[in-house]
Amino acid sequence: MSESRQSWGRYPAIHQSSESLQWRDELPARLAQWQPGLPFGRGRSYGDVCLAHNQRLLDMSSLNRVIAFDRHQGRIRAEAGISLYDLLTVMVPAGWFLPVVPGTGHATLGGAIANDVHGKNHHRNGTFGCHIERLALWREGQLLECSASDNPALFQATIGGLGLTGYILWAEIRLQAVSTSQIDAITHRFHNLDDFFDLADQYDSSHEYGVAWLDCLASGKDRGRGVYFAGQHARYAEPSRWRPLPLGMPLTPPLSLVNPLSLRAFNYLYWHTKPARPTLARGPYQPYFFPLDSISHWNRMYGPRGFQQYQCVIPSAHEREAIASLLDAIAEARQGSFLAVLKRCGDVPSPGLLSFPMAGTSLALDFPSPQRLQPLFERLDAIVRDAGGRLYPAKDAHMQADDFRHFYPRWQDVEQWRDQHIQSLFWQRVTQ
Amino acid sequence: MNRILIIGATSAIAAACAREWLGRGPCRFVLVGRNEERLQQLQQDLQARGAEQVDCLTLDLGDTSRHGIVIAEASQRLGQIDIALVAPGTLPDQNRCQQDASVAVQEFSTNATAVISLLTPLANQLEQQRCGSLAVISSVAGDRGRASNYLYGAAKAALSAFTSGLMARLAKSGVAVTLIKPGFVRTPMTAGLPLPEKLVATPEQVARQIVEGVQRRRTCLYTPGFWRYIMLIIRLIPDVIFRRLSL
């Protein structure tokens, strides 16, 4: 049964159909018969990196088996379609954790590699790709095992390679040891951007994880207010079982529920309901890492027209001024977002060629009405460009080709390694 | 600990059930299926997810002479069968079955005769144990023969009636039998069919309901549950109208 697919932002709304791969050995036959243009995980990238030029996707999400789990060394080898959430469920009871966790547990292992995702501990552990020991890639009729020593150039091109170098069948990850499944998290409210940067300096040296939410609609004396969440794995904890509330958006409302009024109310309440003094609390890892996953299909909230996320990173040298200018431009345009997320990134290099983070600060925001964002995004792009920053392909639906080539000078190496049968709409847009 | 025998283990629903059981407590498995390599992949997955022990037995369902041996082997490896899930089957091409009687007989045999042959020693084993649960996956298609796939429907009707008889017989020995009737499920078996997307469930959703149904010793389980009402309506349609419908 071929199914219709969209990216997480549901924009651009280009019809795509997918067929599902159930077993590794079926791949060659399925490629010949369905002729897909791109591997597809669970569609958690926002823009068009997960959409195929020929509108035919190969859904890898049923390839979700664990192949081997070494409980002593902390290595796990699993098929590419397994979700990070599922991987954690397997490893956490054995005292292991993924070294890098992005903001959703629904992303797949293959997708995490292809987008070289990062998490709240980028300043310590770098990107997801830094922890891949080995992977198996089917490209142009052969199965190749790649690692830092075997097919190293292809290994590098595949990490952050946006799925273009072939079909990742499985990968092996080096894990980090944890003593419990709980996170000790500090919730720390701050009043302006300078406070954020001070807090990031302070917590980055003492804590493994750190991220901040920012009220991008607050102006005047409240401009730049937000909440910092620092965290680390609890050394001690009582055993607990986490049960998500069955929340979700069962259907897409005809109009976006995200509008200036609801945004202002949400942001106001969010900030004011957080404790005035820094508060330490211990809790399960799921709500700390994946706060939005508890509302399934939250993207439907934006209505049938979808939304766009804007995520950029600004190098340390210019972060204070550039982030302030970005926030000013957004406030002026009155096109804010529920969740503006600020995150300090570190300088751990990724083996990948198109890795997004750099030492500095990353800002991410969701915007409703993706069709009307062009003028604002042009302004934001100019600020990012002038500050020497860059945009994140996994979230992108608007980046100019010139900007992309400037942000990612090694794109041509990836183009050289691209499987000739694979092409995404994103890649077509930024390289042709 | 649950000692679980799964026949037709590489089917998407069966594999999802295995994980669901494992998520609820310690398990030991014997997996029976045709494709050895795929059984091994499943075995590795269940072991990595914490199964105490996973054994694989290869069996081509058409080879009825081996059914008794395989059941004996499985029950010996497990010591006792706490749960047996029988999930074999193919989805025949109705058109080919209409054109070619040998295809029709072959498909009927795979989906009904062979399963009945397997269920016979399995039921005897459970009866002898005087404990355990048996779950048999049939289909909503067995509730009424429809023009679009009545060969499959006929085979599943036979399987449903057989299982219902087993249920009554084994109740006297304290063995619970659950007849499972899934509706449309997103599996390789339904790949390529134009199904109404809103009515299609995932193997994981169906597996959760099956595992719960078996635990509660339900006798008949439509999954997802709304199929009970859809099939009730389909069964109630008078023939005069039914013969004009393209269902």
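Student: Where is B:Arg38 found?

Tutor: B:Arg38 is found in helix 2 of chain B. Helices (H or I, at least four residues) and strands (E, at least two) are DSSP runs, numbered from the N terminus. Please note that this is a predicted model, in which local features need pLDDT of at least 70, side-chain atom pairs count only at pLDDT 80 or more, and totals for chains, interfaces and linings use all residues. Residues are numbered from 1 along each chain as its sequence is written, chains are lettered from A and ligands numbered from 1 in the order in which they are written, and side-chain values use heavy atoms, with hydrogens and water left out.

Student: Is B:Arg38 buried or exposed?

Tutor: B:Arg38 counts as buried, because its relative accessibility is 17%. Buried means under 20% relative accessible area, exposed over 50%, and partly exposed in between (1.4 Å probe, protein chains only).

Student: What does B:Arg38 touch?

Tutor: Not counting residues up to four places away in sequence, B:Arg38 touches A:Trp23, A:Asp25, A:Glu26 and B:Thr10. Contact here means heavy atoms within 4.5 Å. With A:Asp25 there is also a polar contact of 2.7 Å between the side chains. A polar contact is a pair of N or O atoms within 3.5 Å; within protein, one must be able to donate a hydrogen and the other to accept it, and residues adjacent in sequence count only if both atoms are side-chain atoms.

Student: OK, and how many residues of chain A and chain B are in contact?

Tutor: On the chain A side there are 19 residues, in contact with 22 residues of chain B. The area buried between the two chains is about 1700 Å², and carbon and sulfur atoms give 45% of that area. Buried area is the accessible area (1.4 Å probe) that two parts lose on being put together, summed over both.

Student: How many salt bridges does the rule find across the interface?

Tutor: The rule finds three salt bridges across the interface of chain A and chain B. A salt bridge is a side-chain nitrogen of Lys or Arg within 4 Å of a carboxyl oxygen of Asp or Glu. B:Arg49 forms a salt bridge with A:Asp86, with 2.8 Å between the closest N and O atoms.

Student: Which elements give two or more residues to the chain A side?

Tutor: They are strand 1 (3-5), strand 5 (66-70) and helix 2 (84-91) of chain A. Strand 5 gives the most, with three residues. By class, the side of chain A that touches chain B has seven nonpolar, three polar and nine charged residues. Ala, Val, Leu, Ile, Met, Phe, Trp, Tyr, Cys and Pro count as nonpolar, Asp, Glu, Lys and Arg as charged, and the others, Gly among them, as polar.

Student: Changing topic: how many helices and strands does chain B have?

Tutor: Chain B has nine helices and seven strands. Of its 247 residues, 51% count as buried. Its C-alpha atoms fill a box of roughly 55 × 40 × 35 Å, taken along the principal axes. Among the contacts in chain B with a separation of 6 or more, 72% come from residues 24 or more positions apart.

Student: Which salt bridge do B:Arg19 and B:Asp45 make, and what does it link?

Tutor: Their side chains meet at 3.0 Å, N to O. The pair links distant parts of the chain, with B:Arg19 in helix 1 (residues 12-23) and B:Asp45 in helix 2 (residues 36-48) of chain B, 26 residues apart. B:Asp45 counts as buried, because its relative accessibility is 0%.

Student: And how many salt bridges does the structure hold over all chains?

Tutor: The structure holds 40 salt bridges over all chains. One of them joins A:Arg225 and A:Asp215, with the closest N and O atoms 2.9 Å apart. Both residues lie in the loop between strand 13 (209-214) and strand 14 (226-233) of chain A, so the pair ties together parts that are ten residues apart in sequence. A:Arg225 is buried, and A:Asp215 is buried too.

Student: What about A:Asp403 and A:Arg385, how far apart are their closest N and O atoms?

Tutor: Those atoms are 2.7 Å apart, and the two residues form a salt bridge. A:Asp403 is in helix 11 (residues 401-407) and A:Arg385 in helix 10 (residues 374-386) of chain A, 18 residues apart. A:Asp403 counts as buried at 5% relative accessibility, whereas A:Arg385 counts as partly exposed at 34%.
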